[in-house]
Amino acid sequence: MTKVLFILSAVVILVASFFAYQNGREFASVRLSVAGINSQITKEQAADKKIIGEANQLVADIGRVQGELDIEAEKLKAHKNKLSQAEGETTRTQEELDAKVKKQQKLVVDLEKLPKDVKPETINEDIARMKKEKLEFEAQAEAKKKETVAELEKVAVVQGRLSEVVRKIEERRKNFDRNSLTSRILAVNQDWGFVVIDAGKSTGLTQDTKLIVTRGSLTVGKISVMNVEDTRSMATIVPDAVINGMTIMPGDRVILENLLQN
């Protein structure tokens, strides 16, 4: 029995030794494999760190390049603004140049219109001389104007006097024509007591003028003008002034009763 147990123990020990040996080999293999894996992981981590470093460097480079691009974009924008300003300045300068050319051409035309004795070199002196002459002419014109006004005032006074003389002459002529009035009776209306004579405003007759009616050397009566037209008048017969036994008739002569004094 003891021998069996010993044999079993030996078998167990042998089996255990065999498995231990096998496990030792496998453990060593696993350890070597783990070590390889750790080494590979370490290498890969180092590679990753390198890649991350390169990526960070690339990001930094991208940021730096972006900054440089922004700076260049600002510079380009500034250059464009300067170019736009330069174009504006060029346009304005061209417009000013065109305006000056037009002004020069106008000056050339104006210079051609100047009198022959006026030269561009002495234009200022000539202008000053012309201004002086203009002032002198204006002063002379003003003096002549004053003289003319004075003469016109004298003429107006003389004209007034002449008009007054003409008026008086005309009045005297009218008075003379009126005083020398000789007209005829054209028609007689005994019933209504009025007559029509061949004299009127043209001979100076006025309303209420008293006239004497004559026949030859005899006085027939009196009439009083009541309506005056240009060449004829109507007059009423003054009843108390008709000579007894006589009648005013067409053809009788008419003269003024009262002569006007000149």
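How many residues apart in helix H1 do Glu89 and Arg92 lie? They are three residues apart, about one turn of the helix. I shall return to this pair after a few words on the model.

What we have here is a predicted model, in which local features need pLDDT of at least 70 and side-chain atom pairs count only at pLDDT 80 or more, while totals for chains, interfaces and linings use all residues. Residues are numbered from 1 along each chain as its sequence is written, and side-chain values use heavy atoms, with hydrogens and water left out.

Six strands close into it in the order S1-S2-S5-S4-S3-S6, and their pairing is antiparallel. Helices (H or I, at least four residues) and strands (E, at least two) are DSSP runs, numbered from the N terminus; two strands pair if DSSP finds at least two bridges between them. On average, neighbouring strands of this sheet are turned by 45° against each other, direction ignored. For that angle, axes are lines fitted to C-alpha atoms, for helices over the stretch in contact, and angles run from 0 to 180 degrees between N-to-C directions.

Let us look at individual pairings. Strand S4, residues 218-228, is joined to strand S5, residues 233-237, by five bridges in the antiparallel sense. Within S5, Met234 stands opposite Asn227.

Strand S6 covers residues 253-256. Four bridges pair S6 with strand S3, residues 210-215, again in the antiparallel sense, and here Thr214 has Arg253 as its bridge partner. Strand S1, residues 183-189, runs antiparallel to S6 and is joined to it by two bridges; Ser183 has Val254 as its bridge partner there.

I turn now to the core. In soluble globular proteins, nonpolar side chains tend to be buried together. A nonpolar core is a set of buried Ala, Val, Leu, Ile, Met, Phe, Trp, Tyr and Cys residues joined through side-chain atoms within 4.5 Å. The largest one in this model has 17 residues, and Val195, Ile197, Leu211, Ile223 and Ile248 have the most contacts inside it. Strand S2 (194-197), S3, S4, S5 and S6 are the elements that give two or more residues to this core. S4 gives the most, with four residues.

Finally, the charged pairs. Seven salt bridges are found in a search of the whole structure, each being a side-chain nitrogen of Lys or Arg within 4 Å of a carboxyl oxygen of Asp or Glu. Glu89 and Arg92, the pair from my opening question, meet in one of them at 2.1 Å, N to O. Glu89 counts as partly exposed because its relative accessibility is 42%; Arg92 is also partly exposed, at 38%.

Helix H1, residues 2-113, also holds Arg64 and Glu68, four residues apart. Their side chains meet in a salt bridge of 3.2 Å, N to O.

The N to O distance is 2.8 Å. Arg215 is partly exposed, with a relative accessible area of 30%, whereas Asp252 counts as buried because its value is 4%.

Note on methods. Buried < 20%, exposed > 50% of the residue type's maximum accessible area, 1.4 Å probe, protein only.
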